[in-house]
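Subject: Structure handover

Hi,

Here is the structure for you to look at. My notes on it follow below.

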Amino acid sequence: MFHHGFGHKGHRRGLRFAILFSISESPKNGIEIMKEIETMSRGFWKPSPGSLYPMLAKMTEEGFIRKKEDGRYELTSTGERK
């Protein structure tokens, strides 16, 4: 499903898609998102905290996701349409 080594910009787009896909069924915290991406990629890709958390912050600012009081991220109506 996911490919590694597709360049810096492609990697960011891939991370954005993977985050949206990961939380589409249920809210998750950062660690759960990282583990799910690793599982979906069959171990080929595990995003680092240094790439995941800035992307989560950016996607929150853009309104695609929101951080709940329990620290888990969920889709907004905007994120559900992407």
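A residue counts as buried here when its relative accessible area is under 20%. Keep in mind that this is a predicted model.

Helix α3 first. Its buried residues are Leu52, Met55, Leu56 and Met59. They lie on the same side of α3, because they cover an arc of only 105° around the axis. The face turned away from that buried side carries the exposed residues Gly50 and Glu61. α3 has 13 residues. From first C-alpha to last it reaches 18 Å, close to the 18 Å expected at 1.5 Å a residue. Glycine 63 follows α3, and its phi is positive, near 90°.

Next, the core. In soluble globular proteins, nonpolar side chains tend to be buried together. The largest nonpolar core in this model has 18 residues. Those with the most contacts inside it are Leu15, Ile19, Ile33, Ile37, Leu52, Leu56 and Ile65. At least two residues of this core come from each of α1 (8-22), α2 (30-40), α3 (49-61) and β2 (73-75).

What does isoleucine 33 touch, leaving out residues up to four places away in sequence? Its partners are Ile19, Ser22, Ile23, Lys28, Leu52, Leu56 and Tyr73.

Last, confidence. The chain has a mean pLDDT of 87, with 83% of its residues at 70 or more. Over residues 1-10 the pLDDT is below 50. That stretch has 11 contacts in the model beyond near neighbours in sequence.

Best wishes

Technical notes. Residues numbered from 1 in each chain as written. Predicted model: local features only at pLDDT ≥ 70, side-chain atom pairs only at ≥ 80, totals over all residues. Heavy atoms only, no water. Core = buried A, V, L, I, M, F, W, Y, C linked by side-chain atoms within 4.5 Å. Buried < 20%, exposed > 50% of the residue type's maximum accessible area, 1.4 Å probe, protein only. Helix = DSSP H or I, 4+ residues; strand = E, 2+ residues; numbered from the N terminus. Contact = heavy atoms within 4.5 Å. pLDDT = per-residue confidence, 0-100. Expected span 1.5 Å × (residues − 1). Arc of directions from axis to C-beta.
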